[in-house]
Amino acid sequence: LPLPVMVEQLIARRLEWLSEDSRQVLNIASILGAEVDFRLLSAVFEASTKRLLEACQDLVTRQLLFETPDGYRLSHDKARQVTRKEMTADARIALHQRALHILEKESPEHIAALAHHAEQAGQWQKAIQYHRNAAQQAEDVYAYATSLAHYEQAIKVAENTGRVKALYFDLLAGHENAASLLGKRATQAEDIEKMRAISDNDGEK
């Protein structure tokens, strides 16, 4: 078998040996990202702190999780990919929905994380708005590449789902501005052409 496939199979076999709690904690960690905040992990886990700590210790002992100052991180990206792959789509969506709900209540300033979980949970309108907000936030601190990436995700969601058509022109305008600041002239020209088409279409109505 090709090496990547063999590695995936070995990781999947290790997951089969986990207890229900350890498997759930690893599932949650895999959807929360490379760095897992303990408070968010605890909130999403929905069980006692004792059970959570026992599961985390088990995963650390098995070297599937490593401790960090604020929580944990998965041992490597391949483990995260396989863990996500082994979950059902419904299970992944449910965890993203719960993470989104908790972040909205407890950490609304984490806009990029909100955008990610909203998109993965299929909350399209929220995903577009959060990506737009994250793009504007990044632009305020001169992180133009990050701003461009969030505008791109917002536009992608809008185009693929047909949602929030009223915002589409504004998303393109924001993307064009970020592209301009980064000196991406070809991208800027494409955005202007799309905006012109929208304007011409509106004029014909």
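The lining of the largest pocket draws at least two residues from each of four elements: β1 (35-37), α3 (38-45), α6 (89-106) and α7 (111-120). Helices and strands here are DSSP runs numbered from the N terminus (helices H or I, at least four residues; strands E, at least two). The structure is a predicted model, in which local features need pLDDT of at least 70 and side-chain atom pairs count only at pLDDT 80 or more, whereas totals for chains, interfaces and linings use all residues. Residues are numbered from 1 along each chain as its sequence is written, and side-chain values use heavy atoms, with hydrogens and water left out.

Rolling a probe the size of a water molecule over the atoms shows where empty space is left. On a 1 Å grid over the protein atoms alone, a pocket is an open set of points where a 1.4 Å probe fits, with protein on both sides within 12 Å along at least five of seven lines, and lining residues have an atom within 4 Å of a point. Grid points are joined across faces, edges and corners, and a volume is the space filled by probe spheres set on the points. The largest pocket holds about 270 Å³ of space. It is lined by 15 residues, of which D37, L40, L103, S107 and H110 are the closest to its centre. Sorted by class, this lining has 6 nonpolar, 4 polar and 5 charged residues. In this sorting, Ala, Val, Leu, Ile, Met, Phe, Trp, Tyr, Cys and Pro count as nonpolar, Asp, Glu, Lys and Arg as charged, and the others, Gly among them, as polar.

Attention now turns to the aromatic rings. Rings of Phe, Tyr and Trp (its six-membered ring) pair if their centres lie within 6.5 Å; planes under 30 degrees apart count as stacked, over 60 as edge-to-face and the rest as tilted. By this rule there are 2 aromatic pairs. One of them joins F38 and Y72 in a tilted arrangement, 6.5 Å centre to centre with 50° between the planes. This pair links distant parts of the chain, since F38 belongs to helix α3 and Y72 to strand β3 (residues 71-74), 34 residues apart. F38 is partly exposed, with a relative accessible area of 24%, while Y72 is buried at 8% (buried means under 20% relative accessible area, exposed over 50%, partly exposed in between, with a 1.4 Å probe and protein chains only). In another pair, the ring centres of Y142 and Y144 are 6.3 Å apart and their planes stand at 80°, so this pair is edge-to-face. Y142 counts as exposed, at 64% relative accessibility.

Side chains of opposite charge can pair when their charged atoms come close. Here a salt bridge is a side-chain nitrogen of Lys or Arg within 4 Å of a carboxyl oxygen of Asp or Glu, and the count comes to 11 salt bridges. One of these connects E8 and K78, whose closest N and O atoms are 3.4 Å apart. It spans distant parts of the chain, with E8 in helix α1 (residues 3-16) and K78 in helix α5 (residues 77-86), 70 residues apart. E8 is partly exposed at 24%, and K78 is also partly exposed at 24%.

A salt bridge with closest N and O atoms 2.8 Å apart joins R51 to D21. R51 sits in helix α4 (residues 49-61) and D21 in helix α2 (residues 20-32), distant parts of the chain 30 residues apart. R51 is partly exposed at 40%, whereas D21 is buried at 19%. E54 is partly exposed at 44%, and K50 is exposed at 58%. Salt bridges that share partners also join E8, K78 and K85 into one network.

L114 lies in helix α7 and is buried, with a relative accessible area of 1%. Leaving aside neighbours within four places in sequence, L114 is in contact (heavy atoms within 4.5 Å) with L100, L103, E104, S107, P108 and Y130. L114 and K126 are 12 residues apart in sequence, and their C-alpha atoms are 8.6 Å apart in space. G174 lies in helix α10 (residues 165-181) and is buried at 9% relative accessibility. G174 and E139 are 35 residues apart in sequence and 9.7 Å apart in space, C-alpha to C-alpha.
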